[in-house]
Structures are given as C-alpha cells and as structure tokens.
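Welcome to my notebook. I have been looking things up in a structure that is new to me, and I jot down each step here for anyone who wants to follow along.

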Amino acid sequence: MRRGLPLSVLVLVLALACGPARAVQPDEMLSDPAMEHKAREISAELRCLVCQNQSIDDSDAPLARDLRLIVRERLKAGDDRAAVIDFVVARYGEFILLRPRLTAKTVLLWLAPLLLLIGGGFLAYRLFRRPRAEVMAAPAPLSDAEREKLRGILGKG
Amino acid sequence: MIVEIGHFALILAFAVACLQTGSVAWSMWSGDDEPRGIAAPAALAQCALLALSFWALIWCYVVSDFSVQNVFANSHADKPLIYKISGAWGNHEGSMLLWVLILAIFGAAVAAFGNNLPARLKSNVLAVQGSIGIAFLAFIIVTSNPFTRIWPAPFEGQGLNPILQDPALAIHPPLLYTGYVGFSMAFSFAIAALMEGHIGAAWARWVRPWTLAAWMFLTVGIAMGSWWAYYELGWGGWWFWDPVENASFMPWLAGTALLHSAVVMEKRDALKVWTILLAIVTFALSLMGTFLVRSGVLTSVHAFAVDPARGVFILAILGIFTGGGLALFAWRAPQLRQGALFAPVSREGSLVFNNLLLMTICAAVLIGTLYPLALESITGDKISVGPPYFNSVFVPLTLILLITLPFGPLLPWKRGNLREAARRLSVAGAFAVTAGIVALILKPGSSMLAALGIGVGVWLIMGALSETAFRVKAFAAPWPEVLRRLSGLPRSSIGGMIAHLGVGVAVLGITATSAWRVEHIQAMKPGDRIAFAGYEVLFEKVAAQQGPNYQETFGDFELSRGGKPIVELAPSKRQYTAPPTGTSEAAIHASWAGDFYLVMGDAAKDGSSVAVRMYFNPLVRLIWIGAVIMFIGGGVSLSDRRLRIGAPARRRAPAEPVAGQA
C-alpha cells in the first residue's frame, strides 16, 4: 500500500523516481557485521531527502547511497550512534530525522498521545462517577403530605 | 457517443442528487410530507445513472478511446484487458467517479431495502447521503471530469504506471472505497437522528450492519494494499506508516471503535451521544483520507498551493460536512436522553476502555501525519515524522488494548467481576506465558518485546477460544449439551470471537516478522551457491524474455533444503515500454514457517555479478491470514444481523436481551 492507496499518481511518480527498492548494495556494506548492523539501524531513522517518506536504507536514490556511505564512514571513524546522527543533522537539518527530537516545537507531537489518553480517561471516569453518585444517593425521605397520601393508598387510614 | 452518454449521465446524476436532497429539505421547510417521497426513487435513479456513467468510462478504456483525455493519460492499447479495466479507477478522475458510484450504491441500498425503517428517518438519511453526492459530483464535474475530450485524438496512450499493473492493486481501490464510503451510512444515519432529535436502540441496530460491512471491506482493502506493497515494492516490508496508508488506517481505527460502541447502544441503550460523535468522526476521517491523498498536500505544501483547485474543493467539502456535522451535534446532542447506567467493571465499561484506546491511537496517527504540515505552515520549519515515531507511540498503546481485550467479552453487562473473568482466562494466560518463554528459548537473544508480542498473540487466540468454551460449557457439560449450546450461540457473538482470534493471528505474524526477519545481501555470479536461513540457494543463470508489454531479465535460482530441491525461483527486472519504467519483481517461496523472499538487483558495472538480496520473513503470511479471519468474523456477525433485520415479524416483538452476547 505504500504508494498505492487510492493510487495517487503523483505520489507514485515520486516513488518511481526512487525506484523499486534495491537500496543497500553489496559494495557498500561494512566487513564488521556488528558495525554494519548499527549502520542499518541508523539508516532506518534517516530520511531520503529526495524521496517520499522513504528511509535511506530503503531508497536507491543516489543521494541516499551517499548518505549511507557517510554513515558508514563516520562509524568507521569511531563515532557512536548519537555522533553520527549529529553529524548528519548538522549538514542536512532536522528534516532528515524520521524520529523528530524532543524540542519546544515537537513537544506537542510527543506528548499529545499521552495527554489525550489521560484526558479521555478522565472523561470516561466522570461518565462512571456521575451516574454512580445518583444511584448511590438515598432517595429523599417522604414529606408529611406524601406519607399521608401513601397511608390513604395503602388503606391503612 | 458512449462518452457523451457517460458524461451526460454524470451531470444528470448531479441533478438527481440535488432532487434527492432538495425534496426532503422542501418537506422540512413546508411541513408537507409529500415531497419526501421522491428521495427513495431519486437515490435509485442516481445510482443507475452513475453506474451507466462508470460503465461508459470502462468502455472507453476497453476500446482504448484515446480521444478521451483520461484514457490517453492512463492507458495504452497493448495493455492486458484486466489492466485496461482497472486503469479506469487507477487515476484521480476515474477513482473519484468510483467513489461517488459506491456512495450512490449505498444510498440505493437504503432506498431499496430500508422499507422497515421509519419513513421520515429513511428519507432524512437519503437526503444526507444525497448531499454528500452533490458535493462530490460537483467536485468531479468542475475539477476532475473523466470524460474531457482532446482533439485531435492521439494515436496511442501514455500507459498505466507498471507498478499498478497488478491483480491485487486492480481490486484494492474498489475494496478500500467500499470501506471508506460505507462509513457515509453511519454519518448519514447520525445526522438524520440528530435532525429528528431522538435516537434509540433501533437506530443502532440499523447502523451496525452498515458499519460492519464497511469495516470488513476496509479491513481487506488495507490488507490487500499491504500485501501488494510486500511483494511488489521489493524489500519485503508490509507497512510503512506512509501518510497514504495512515489515511486509510485512521478511519479503520475509528470505525472499529464505532462498531464496538454501537454494540453498547444497541444492547444497552447507552453511550448514545458518543456513538453519534464517533459516526461523524469516522466519516470525517474518511473524507480527510480522500483529501490527503487527492489534494497532493502530502507531497508538499507547495504542490498544494500550485494547483489549489482540487485541494481547496475537497478541503471545503471536508470542512462543510465535518463542521456541519459537529455543529449539529453540539446543538442537538444535549437533548439526547442519556441511556442506561453501568458500573466501570462491566461489558459496557470494557467497551468504553476499548474506545478510549482506539481513539487515542487514532489521534496519535492523525497528529503524526499532520504535524509536519502544521508545523511547516505555522513556523516554516520542516521536520519529518516517520516510522520510528509511529512505532514508539503505536506499540505501547496497542499492547495495552490487546492485553485487556479478552476480558471484555467475558464481563457481563451492567456489572461484572474482574476476578471471575480472570479465572476464566487462566488457561489462556498460561498458554500465553508459555508461548513467550518458548519464543525466548527458541530464538535466544530475542528482545522482551518480541516475547511479549508472541505472548499477546497467543493470549488473544486462546482468549477468544476460552470465551467460546465457557459459553458452550465445553469442558463442563456432556457433548450433546455442548453442541446444542454451540448451535444456539448468536452469530454476532461467534463473529466477534472469530474477529478477535484474527487479531491474535495477525499479531503473531507481525511480531515474528518484525523480530526475526533475516536479510542477506550479496553480489552473486551464475554458479554461485550460498546457504541462508536454513536454505541453500544456487544461482543458475540470467535470461531474458518478452512479456505482453515489457522486456524482462530474470534470474534462475534453485532453492533447496537439506540437499533436496524445493522450487525454482525467478526474480526479475522488467522494463515496460509505456510508460518507460523499470520494476523489479520479487520471487517468493511461501511456507507456513515463513516466506523466502528473493530480489535481484542491478548488475555490477563490469557485468560479472548481480546484487542479490534475500530475506526470510518468518510467519509473515499470518498478517494477511489474520486480516482475512477478521473479515470472516465480520461476515458471520453480519449474517446474524441480516436475519434479524430481514424478519419484520420478529422485529415487532420487543428486542429480547440476548444474555452474554458480544
């Protein structure tokens, strides 16, 4: 469904520009499997800047290949994950991150689901509380007039 | 001539839709109930006209009439017949025509089969349905006319994008649209109820089957799109949190919530206001999905600004129907009588919890999808919100929902006992914990999340089975008694059980393939042999062949296991002539253990070797099998409803409360 859904032709054209994925090529891969694995993990978090919502790990656009090589070079140079990501962000901006960092501008993005859950839970809680209070409240005692009427109905004069 | 007939029928359908809505409006204004009578025949006529119009468009594609702009831009004389036909909805204009056709079919269904609805409610529903038709027909006629001619007629068409020339994708849009548009029924019923100012269990009994049908089609529609992405896009992923996917997933989540809250309303006459709101929101999300996909706003805010006509038009439709619906809701909802009371721990309470989580997930997907757009238009900053964000928000919320799910059906209405439900689930719990531990032992080094996922999948499956076992007293009563109880279970209850089981099956597939998928990338020469994921792969040769409208280079691979050949796999790279594009076709060997997925990449520069990538996706089929099981569950439940609605004699009797029914 990736590009497909109701077949947005425009999106499809873009998808094609990035091609059916061939992505990581054998010649790019690092010989150290652990480091290569790390490179793949980092790549999945970086956006291919010329594609529509594809990570550089999935994309075979030339730019994505360059980025994959940069990631691997930095890893070889001894950078850790955070340093590699900082390096890439410094050059390409926050837009490249598929997982936006928590900043003043994204605080709503990250907190909204939690706030909604709490807010919704509070509303649901009130839904239960109110009727319950009504149920639990003992009925008001009868007034003298009502008691009189009741006696009349029951015929106990 | 046929083109003009189709075009004329389209315009006439617009006029008839105006009549459909206008007549009811006239009745409301004048207090005279006579004009209302037109709504039903008008709905049938609108449907017939749009069917004629859509048939005309398909005819243009079949005979390759390139004097029609739409056919010229999206078809080619050499294309196989099935893709000529599916090409009719494989583009913007044609798919919008399909959209209104399905809308009109739903309207016609109410007109034809809604005789046991109160006459006023029926015509009000048709009026609302007609007004949606008016908006979208105007949109098509003004901005996206599929019957526009070009002169002189070109000799050949430009062709359909090859990755769309695929059987799954040929039927994906009709399924998906049936789901999207089906939610218009819930919307129309909600608005009609708000106009009348009262709403009862009968309303829910009517809305539920429509919502259920829409939900079923949306479920398989999404699953089919995901399956297509899996085998066609060539890297074995099946869900990408692409905005286009999210656009269909949000109505699915809201529709699932609606389905469950409608149960409460039908059985217990409670949660009325909330159910009405959900009906409006679900359809609003369907409209938003249409807007997001059709306006180009997702590609970039600028694409939207360059050609604003279509986007602004759909945005206006979205605004009018959502805003109008919500305004009516705000005005009328306080007058709706609140229904029966219930304790927090009860079937109703569990369904409220289900709704809370489903709608939070839905909101999270919505926020993630729209946040970059909103941020860019407010501050100008560009950020990306991709799969890592969605996974980290979606997974925990969904886990809470799924872990609590099996308790719901085991709680009685009004007031339940959590301990009693837990006791009934103890067997399922034991199975789930064992499954999680077995997963950790079999796949050492797996994450706790993987073990949890497997446990949750088993928990859902066993929970659904335990529920049924208790209903029929499977281990407590003699066999004849059990069979009698089984045949006596209401279909809707069995359907719910099957659907929940389907969710469990899908969760197993999702967890296994996400956690234990393995990949290998290597440059291979003919004659090379490698071992991977317990298989041996022999690369035999590369060869070329000619397809109906493409040239193909394919690799010949022999897949064997333990020295025994299993299958020949032939992944290929195709070059289509019109339009000139390349695709790569994966070769997949499916088994119950998982899919062996083979893709051939580019040849090395010196031509000596080819980049080959292979994946083993364990249990991946379970994802789609789970979706199909959910579909079947919906169908079983629907068969129950149809029986009850279709039998007026029974309907007149007071609705008997069916004890312990889902």
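Entry 1: I started in chain B, with α7(B) and helix α12 (residues 308–332) of chain B, whose axes cross at roughly 35° and come within 10 Å. I then looked up the hand of the crossing and found that α7(B) and α12(B) cross in a left-handed way. Which residues meet there, in α7(B) and in α12(B)? On the α7(B) side I noted Phe187(B), Ile191(B) and Leu194(B), and they meet Gly325(B), Leu328(B), Phe329(B) and Arg332(B) of α12(B). Sorted by class, this contact of α7(B) with α12(B) has five nonpolar residues, one polar and one charged.

Entry 2: For the complex, the predictor gives a pTM of 0.88 and an ipTM of 0.82. In chain B the mean pLDDT is 88, and 95% of the residues reach 70 or more. Which elements of chain B have the lowest and the highest mean pLDDT? The lowest is helix α22 (residues 648–652) of chain B, with 39, and the highest is helix α2 (residues 39–62) of chain B, with 96. I also looked at residues 646–662 of chain B, where the pLDDT is below 50. Beyond near neighbours in sequence, that stretch has 15 contacts in the model. I reminded myself that coordinates predicted with low pLDDT should not be read in detail.

Entry 3: Next I turned to helix α1 (residues 2–30) of chain B, which packs against α2(B) with the axes 8 Å apart and an angle of about 160°. Are α1(B) and α2(B) roughly parallel or roughly antiparallel to each other? An angle over 145 degrees counts as roughly antiparallel, so α1(B) and α2(B) are roughly antiparallel to each other. The way α1(B) passes α2(B) is a left-handed crossing. By class, I found 22 nonpolar and five polar residues in the contact of α1(B) with α2(B), and no charged ones.

**Entry 4: a cis peptide bond.** I went through the backbone and stopped at Trp151(B) and Pro152(B), which are joined by a cis peptide bond with an omega of about -5°. Where is Pro152(B) found? I placed Pro152(B) in the loop between α6 (119–143) and α7 (167–196) of chain B.

**Entry 5: positive phi in a loop.** Asp269(B) is found in the loop between α9 (243–268) and α10 (272–295) of chain B. Leu271(B) lies in the loop between α9 and α10 of chain B too, and this residue, not a glycine either, has a positive phi of about 55°. Is Leu271(B) buried or exposed? Leu271(B) counts as buried because it has 26 C-beta neighbours inside 10 Å, and 20 or more are needed for that. Asp269(B) has 17 such neighbours inside 10 Å, and therefore counts as partly exposed.

**Entry 6: chain A at a glance.** Last, I looked up the other chain letter. How many helices and strands are there in chain A? I counted six helices and zero strands, and from the N terminus on the elements run α-α-α-α-α-α. Chain A has 157 residues, and 33% of them are buried. Taking contacts in chain A between residues at least 6 apart in sequence, 51% join residues at least 24 apart.

Note on methods
Residues are numbered from 1 along each chain as its sequence is written. Chains are lettered from A and ligands numbered from 1 in the order in which they are written. This is a predicted model: local features need pLDDT of at least 70, side-chain atom pairs count only at pLDDT 80 or more; totals for chains, interfaces and linings use all residues. pLDDT is the predictor's confidence in each residue, from 0 to 100. Helices (H or I, at least four residues) and strands (E, at least two) are DSSP runs, numbered from the N terminus. Two residues are in contact if their C-beta atoms, placed from the backbone, lie within 7 Å. A residue is buried if 20 or more other C-beta atoms lie within 10 Å of its own, exposed if 12 or fewer, and partly exposed in between; C-beta atoms are placed from the backbone. Axes are lines fitted to C-alpha atoms, for helices over the stretch in contact, and angles run from 0 to 180 degrees between N-to-C directions. Angles under 35 degrees count as roughly parallel, over 145 as roughly antiparallel, 65 to 115 as roughly perpendicular and the rest as oblique. A crossing is left-handed if the near helix is turned anticlockwise from the far one by less than a right angle, and right-handed if clockwise. Ala, Val, Leu, Ile, Met, Phe, Trp, Tyr, Cys and Pro count as nonpolar, Asp, Glu, Lys and Arg as charged, and the others, Gly among them, as polar.
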